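Q: I have a chain open here and would like to go through it with you. Shall we take it piece by piece?

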Amino acid sequence: MTIRVLIADDQMMVREGFSVLLNAMPDIEVVGEAVNGREAVDRVRELTPDVVLMDIRMPELNGIEATREIVAADGAAKVLVLTTFDLDEYVYQALRAGASGFLLKDASARQLADGVRVVAAGEALLAPSVTRRLITEFSKLSDSPRLMPSAHAAYGDLTERETEVLVLIAQGLSNSEIAERLVVAESTIKTHVSRILVKLGLRDRTQAAVFAYEARLVTPG
């Protein structure tokens, strides 16, 4: 299946450059572009892309608020945040708003295409070490409301094993690494992850990791 991508960035050269790189891939098609966050929300509604490459700093509506609106609309589109440097507090806010990960604007063509494929498949884009570092840095700085106001109560619905898996996700382990750690089949871990996401009302592993930190199941630092 072809992955449909929308590129939202106020810089024309970025949009055009990413379009050329992605359209050169046999399994990816750029179906539209947006020059600001408001247009991105409207274009997602109109074009129903699989993945949105979302710049954070845009006029009219920034990428964080645009991400929040896209996620709230409960569509299939996954948001991949674009940034110029990885330790960016706005990136953390975008993850909390529902983004599935982030990508540096100087990423190679292969990294860009692979990132789109990973997010389209419903996985978190980020390398575990980067995810962990980002969450660790900015969960300490955030004074805004938590990902879920009832976080402490919500994780009480998880079984002991599901809670254990959630903590390992937040520590940056992949499904195969968690399976090895717990001495179970990888398919069993995938089932646990699916149940965790459903019980907590989360979209993907990135949101699960953020939840674990904000529910204080894992301590930053």
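Q: Let us start with E29. Which residues does E29 touch, leaving out those up to four places away in sequence?

A: E29 touches T2, I3, R4, V5 and N23. Please note that this is a predicted model.

Q: Which strand does E29 lie in?

A: E29 is part of strand 2.

Q: Is E29 buried, exposed or partly exposed?

A: E29 counts as partly exposed, because its relative accessibility is 38%, and the class runs between 20% and 50%.

Q: What separates the C-alpha atoms of E29 and P49?

A: The separation is 9.6 Å, for two residues that are 20 residues apart along the chain.

Q: Now the whole chain. How many helices and strands are there?

A: The chain has 11 helices and five strands.

Q: And what share of the residues is buried?

A: Of the 221 residues in the chain, 52% are buried. As for contacts with a separation of 6 or more, 69% are between residues 24 or more positions apart.

Q: On to helix 5. What is its reach from first C-alpha to last?

A: Helix 5 covers residues 109–120, which is 12 residues, and reaches 17 Å. That is close to the 16 Å expected at 1.5 Å a residue.

Q: Which residues of helix 5 are buried?

A: They are L112, A113, G115, V116 and V119. These residues lie on the same side of helix 5, because they cover an arc of only 160° around the axis.

Q: Why do residues three or four places apart point the same way in an α-helix?

A: An α-helix has 3.6 residues a turn, so residues with that spacing point the same way.

Q: What do the buried residues of helix 5 pack against?

A: They pack against helix 1 (12–23) and against strand 1 (3–8), strand 2 (28–34), strand 3 (51–55), strand 4 (78–83) and strand 5 (101–104).

Q: Which residue just after helix 5 takes a positive phi?

A: That is G122, with a phi of about 90°.

Terms used: Residues numbered from 1 in each chain as written. Predicted model: local features only at pLDDT ≥ 70, side-chain atom pairs only at ≥ 80, totals over all residues. Heavy atoms only, no water. Helix = DSSP H or I, 4+ residues; strand = E, 2+ residues; numbered from the N terminus. Expected span 1.5 Å × (residues − 1). Buried < 20%, exposed > 50% of the residue type's maximum accessible area, 1.4 Å probe, protein only. Arc of directions from axis to C-beta. Contact = heavy atoms within 4.5 Å.
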